[in-house]
Amino acid sequence: YLAPAEAVAAPGAFSPAFLEEFDVVRLIGRGAFGEVYLVNQRSLKRQAVVKFTTGEEAHSLARFEREGQLLARIRHPAIMQVYGSGADGKRRYLLCEYVDGGNLKQRIRAEGRLPPAQAVPLAGLLLDALEHAHANDLIHRDVKSENLILPSAGGAKLADFGLARDMQVTSDLTATGAVLGTPAYFAPE
C-alpha cells in the first residue's frame with residue numbers, strides 16, 4: 001500500500017529466523033517510513049503483507065509501533081487489518097492483511113475518472129471507515145487515493161495509519177507546528 005516498486009527475489013532485510021515463517025514473494029513498495037513486502041505465511045497458508053521500518057531512529061520506531069497498536073484496536077471491514085508485529089534484528093515490522101488489487105490512484109490512472117455509480121459507494125465505504133476510526137478516537141491524517149485499496153472482489157480498504165493521531169493519548173509523536181501528510185491532499189485552510 002505504498003508506491004509501486006520493482007520486485008525482489010530475496011531481500012537482505014530478512015533474517016533466517018524470520019524466513020522460517022514466511023516466503024518473500026516480492027517487494028510491493030517503499031515509502032518514507034518503510035518497505036512493504038508480499039509474503040506467504042506458511043503456518044497459516046495465507047498471503048500477508050509485511051511492512052518494515054527503513055530507519056532505526058527512536059522516533060520512527062515509536063511511530064511505527066504505534067501504528068500497529070492503533071490498528072489492532074479497531075476492527076472494520078473497510079480498514080486494513082493488522083495481524084501482528086515484531087522485530088527482525090534492529091528493524092520493526094507489521095504483519096497485515098493482504099488485499100489483492102491496486103489502490104484508487106492506480107485505478108484512476110488506468111481507467112480515468114470513476115463514474116458516479118462507482119465513486120459514490122467507494123466514498124460511502126471510506127466515510128464509514130473514517131467514522132469508525134473517529135468513534136475509536138483515531139484520526140487518520142493521511143487520507144489519499146494511494147491509501148484506499150480496492151480489492152478485486154469489490155469494496156475498499158483504508159490503509160496506512162502511520163500518521164494517525166490517537167485522541168486518547170495526550171502526548172503525541174508530532175512536534176507542535178510540524179506538518180504531516182501529503183501536501184497535495186491537505187485541506188485548503
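**Close-up 1. R46 and the ring of Y83 in the predicted model.** In this model, which is predicted rather than determined by experiment, R46 lies over the face of Y83, at a distance of 3.6 Å from the centre of the ring. Strand 4, which covers residues 46-53, returns in the views that follow.

**Close-up 2. Strand 3 and the strands that pair with it.** Strand 3 spans residues 34-41, and because 7 of its 8 residues are buried, it is largely enclosed by the rest of the structure. Strand 2, made up of residues 22-30, pairs with strand 3 in the antiparallel sense over 7 bridges, while strand 3 and strand 4 also run antiparallel and are joined by 8 bridges. Y37 of strand 3 can be followed through both pairings, being the bridge partner of L27 and having V50 in strand 4 as a bridge partner as well. Between strand 3 and strand 4 the hairpin has 4 residues, and in this hairpin K45 takes a positive phi near 50°.

Close-up 3. The structure holds 2 aromatic pairs, and one of them is formed by Y37 and F52, whose rings are edge-to-face, 6.3 Å from centre to centre and with 85° between the planes. Since Y37 lies in strand 3 and F52 in strand 4, this pair ties together parts that are 15 residues apart in sequence. The rings of F52 and Y93 have centres 5.8 Å apart and planes at 50°, so this pair is tilted.

Close-up 4. Helix 3 consists of residues 104-111, and N103 caps its N-terminal end, with a side-chain oxygen of N103 lying 3.0 Å from the backbone nitrogen of K105. After helix 3 comes G112, whose phi is positive, near 85°. The side chain of K105 is joined to that of E146 by a polar contact of 3.1 Å. E146 is found in the loop between strand 7 (138-139) and strand 8 (148-149), and because its relative accessible area is 19%, while buried means under 20%, E146 counts as buried.

Key: Residues numbered from 1 in each chain as written. Predicted model: local features only at pLDDT ≥ 70, side-chain atom pairs only at ≥ 80, totals over all residues. Heavy atoms only, no water. Helix = DSSP H or I, 4+ residues; strand = E, 2+ residues; numbered from the N terminus. Buried < 20%, exposed > 50% of the residue type's maximum accessible area, 1.4 Å probe, protein only. Polar contact = N/O pair within 3.5 Å; in protein donor to acceptor, adjacent residues only side chain to side chain. Pairing = 2+ DSSP bridges. Phe/Tyr/Trp six-rings, centres within 6.5 Å; stacked < 30°, edge-to-face > 60°. Lys NZ or Arg CZ within 6 Å of the ring centre and 35° of its normal.
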